[in-house]
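Subject: Structure handover

Hello,

Here is the structure for you to look through. My notes on what was found follow below.

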Amino acid sequence: MNDQQRAERKAKRFYISLVLLLFAIQFTIGGIALKLAIGDPALAVVPDYHQAALNWDETQRASKAPERLGWQVQVAVSEYPDATGRRAISVEAKDEKNIALERLSIAATVYRHADAGSHESIELPHTEGGRYLTMAEMPQSGVWQIEFSIEGAGEPMTLSRTLDLEH
């Protein structure tokens, strides 16, 4: 084997190795990107998003219903979680004449924006004077979303609140 053949063989090995190395780098980057995309809880689709998109007109009508009827709906969430990580959620509803609404059925879905795939569905039982109260698991600080569904008002209603909880 002469020097030219050795040099040619060496060049072939180098370029084949280079191509294989570039493929390995590309597959590694693709694998990492896939793992991040699938494994990151912040990239989850919010609950019932697809159904709300399919029924866009009804969803918009339901979200505008409290305002259209002149209702005053106040939502309060306790600033600090209790020892088990739960926070009190209070909803107070009054009609256009400032009369407390007491015969409603209120349900809610609570989730943290950083982990939209993990959500909790809760019921808010009526306590007194148009006030509905429950506890929800909200231990971390951050941006939280509460999606309320109100029944018993004669038409479907929804209410959405975004909260920035610091503690």
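Start with helix 3, where Ala62, Ala65 and Pro66 are buried. Buried means under 20% relative accessible area, exposed over 50%, and partly exposed in between (1.4 Å probe, protein chains only). Helices (H or I, at least four residues) and strands (E, at least two) are DSSP runs, numbered from the N terminus.

Before you go further, note that this is a predicted model: local features need pLDDT of at least 70, side-chain atom pairs count only at pLDDT 80 or more, and totals for chains, interfaces and linings use all residues. Residues are numbered from 1 along each chain as its sequence is written, and side-chain values use heavy atoms, with hydrogens and water left out.

Helix 3

Helix 3 covers residues 56-68, 13 residues in total. From first C-alpha to last, helix 3 reaches 17 Å, close to the 18 Å expected at 1.5 Å a residue. That expected span is 1.5 Å times one less than the number of residues. A kink of about 25° lies at alanine 62, shortly before proline 66. The bend at a residue is the angle between axes fitted to the seven residues ending there and the seven starting there. Strand 8 (157-165) is included in what covers the buried residues of helix 3. Just after the helix, glycine 70 takes a positive phi of about 80°.

The whole chain

The protein chain has 3 helices and 8 strands. From the N terminus on, the order is α-α-α-β-β-β-β-β-β-β-β. The radius of gyration is 27 Å, well over the 15 Å that the globule rule gives for 167 residues, so the chain is more spread out than a compact globule. The radius is taken over C-alpha atoms, and the rule is 2.2 Å times the number of residues to the power 0.38. Along its principal axes, the C-alpha trace spans about 100 × 40 × 20 Å.

Of the 167 residues, 23% count as buried. The accessible surface comes to about 11,500 Å², and 56% of that belongs to carbon and sulfur atoms. These areas come from the Shrake-Rupley method with a 1.4 Å probe; for residues, only the protein chains shown count as cover. Take the contacts (heavy atoms within 4.5 Å) in the chain with a separation of 6 or more: residues 24 or more positions apart account for 60% of them.

Salt bridges

How many salt bridges are there? The count comes to 6. The rule asks for a side-chain nitrogen of Lys or Arg within 4 Å of a carboxyl oxygen of Asp or Glu.

Glutamate 8 and lysine 12 meet in one of them, at 3.9 Å, N to O. They are 4 residues apart in helix 1 (residues 3-39), separated by about one helical turn. Glutamate 8 is partly exposed, at 45% relative accessibility.

Glutamate 155 forms a salt bridge with arginine 68, with the closest N and O atoms 2.3 Å apart. Glutamate 155 lies in the loop between strand 7 (142-151) and strand 8, and arginine 68 in helix 3, so the pair ties together parts that are 87 residues apart in sequence. Glutamate 155 is partly exposed at 21% relative accessibility. Arginine 68 is partly exposed at 40%.

Arginine 131 pairs with glutamate 92 in a salt bridge, the closest N and O atoms being 3.1 Å apart. This pair links distant parts of the chain: arginine 131 is in strand 6 (residues 131-137) and glutamate 92 in strand 2, 39 residues apart. Arginine 131 is partly exposed, at 36% relative accessibility. Glutamate 92 counts as buried, at 16%. Salt bridges that share partners join Glu92, Lys94 and Arg131 into one network.

Two loop residues

Leucine 104 lies in the loop between strand 2 (86-94) and strand 3 (105-112). Is leucine 104 buried or exposed? At 13% relative accessibility, leucine 104 counts as buried. Leaving aside neighbours within four places in sequence, its contacts include Trp71, Tyr132 and Ile150. Gly152 is also among them. The C-alpha atoms of leucine 104 and glycine 152 are separated by 4.9 Å, although the two are 48 residues apart along the chain.

Asparagine 98 lies in the loop between strand 2 and strand 3. Asparagine 98 has a positive phi of about 65°, although it is not a glycine. Most residues other than glycine have a negative phi. Asparagine 98 is partly exposed, with a relative accessible area of 45%.

Best wishes
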